[in-house]
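I opened a new notebook page for this protein. My plan is to look things up one at a time and write down what I find.

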Amino acid sequence: MLDLGLNRRKLLLGAGCLLTAGLMPQTALASRSTSSRELVIHNLNTGEKVSASYWENGRYLKDGMAELNHVLRDHRRNEVIDMDPHLFDQLFLLQHKLDRKGYFELISGYRSAQTNNSKRKVSRGVAKHSYHTLGQAVDVRVPGVALNHLRQAALQLQVGGVGYYPRDNFVHLDTGPIRHW
């Protein structure tokens with residue numbers, strides 16, 4: 001009888017471990033499975049294309065982050081800020097979710113408050129307190145990937161906000177709370 005109780009405990013412990021592993025955020029799982037992270041981003045507004053390794057062996061790389069920050073700058077005012085590193089992680093996870101080694105086409109990255117206000121005057125779809133102004137959002141698409149498929153993959157990640165703009169041909173991603181529109 002004692003032996004049966006130990007086996008039951010082992011079974012319950014194993015099931016609990018599997019359940020816990022299944023609930024771990026994918027970002028935690030991704031950080032354990034790779035030793036480096038690279039992104040390729042083509043800024044459609046400036047024509048620039050950058051390929052940068054931004055994370056390696058458990059730490060963010062200053063040079064790679066600087067390259068990505070530059071290509072995601074507010075091109076209207078030529079302002080560069082430090083983007084949220086978790087945004088790059090979100091793009092990296094999305095790239096792997098799509099099982100692609102391609103690149104992201106950037107429609108919009110960082111926007112200064114002045115640029116954001118100018119865009120608000122001509123479009124109702126621009127938020128007054130946009131995550132773009134905090135360096136926490138991008139509007140992107142991926143060549144060869146249907147926009148709806150990109151949206152679905154982003155939603156499945158369950159990290160940050162996901163906006164779907166089929167008429168304008170992009171998906172918005174941000175590092176704010178999990179939500180979608």
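**Entry 1: one leucine.** Which residues does leucine 94 touch, not counting residues up to four places away in sequence? I looked up the contacts and found Phe104, Leu150, Ala153, Ala154, Leu157 and Leu173. I note here that the model is predicted.

**Entry 2: the core.** Next I looked at the largest nonpolar core, which has 34 residues. Ile41, Leu94 and Leu173 touch the most other members.

**Entry 3: helix 4.** I followed this helix from end to end. Helix 4 has 13 residues. From first C-alpha to last it reaches 18 Å, close to the 18 Å expected at 1.5 Å a residue. What caps its N-terminal end? I found aspartate 84 there, with a side-chain oxygen 2.9 Å from the backbone nitrogen of histidine 86. I also wrote down the buried residues of helix 4: Leu87, Phe88, Asp89, Gln90, Leu91, Phe92, Leu93, Leu94 and Gln95. After the helix comes aspartate 99, and its phi is positive, near 55 degrees.

**Entry 4: a histidine in a strand.** I moved to histidine 172, which sits in strand 7. Is histidine 172 buried or exposed? Its relative accessibility is 7%, so I count histidine 172 as buried. The cut-off for buried is under 20%. I found two polar contacts of its side chain. One is with the side chain of histidine 132, at 3.4 Å. Another is with the side chain of aspartate 174, at 2.8 Å. Leaving out residues up to four places away in sequence, histidine 172 touches His132, Ala137, Val138, Asp139, Gly161, Val162, Gly163, Tyr165 and Trp181.

**Entry 5: two asparagines.** I reminded myself that most residues other than glycine have a negative phi. Then I checked two asparagines. Asparagine 57 has a positive phi, near 50 degrees. I found asparagine 57 in the loop between strand 2 and strand 3 (59-60). Asparagine 57 has a relative accessible area of 62%, so it counts as exposed. Asparagine 169 also has a positive phi, of about 65 degrees. Its place is the loop between strand 6 (161-165) and strand 7. Asparagine 169 is at 35% relative accessibility, so I wrote it down as partly exposed.

**Entry 6: the whole chain.** How many helices and strands does the protein chain have? I read off six helices and eight strands. From the N terminus on, they run α-α-β-β-β-α-α-β-α-β-α-β-β-β. Of the 181 residues, 39% count as buried. The accessible surface comes to about 10,700 Å², and 53% of it belongs to carbon and sulfur atoms. I also looked at contacts between residues at least 6 apart in sequence: 55% of them join residues at least 24 apart.

**Entry 7: confidence.** Last, I checked the pLDDT. The chain has a mean of 86, and 81% of its residues reach 70 or more. Over residues 1-6 the pLDDT is below 50, and beyond near neighbours in sequence this stretch has zero contacts in the model. Over residues 8-32 the pLDDT is also below 50, and beyond near neighbours I noted 12 contacts in the model.

Technical notes:
Residues numbered from 1 in each chain as written. Predicted model: local features only at pLDDT ≥ 70, side-chain atom pairs only at ≥ 80, totals over all residues. Heavy atoms only, no water. Helix = DSSP H or I, 4+ residues; strand = E, 2+ residues; numbered from the N terminus. Buried < 20%, exposed > 50% of the residue type's maximum accessible area, 1.4 Å probe, protein only. Contact = heavy atoms within 4.5 Å. Areas by Shrake-Rupley, 256 points an atom, 1.4 Å probe, with all protein chains shown as cover. Core = buried A, V, L, I, M, F, W, Y, C linked by side-chain atoms within 4.5 Å. Expected span 1.5 Å × (residues − 1). Polar contact = N/O pair within 3.5 Å; in protein donor to acceptor, adjacent residues only side chain to side chain. pLDDT = per-residue confidence, 0-100.
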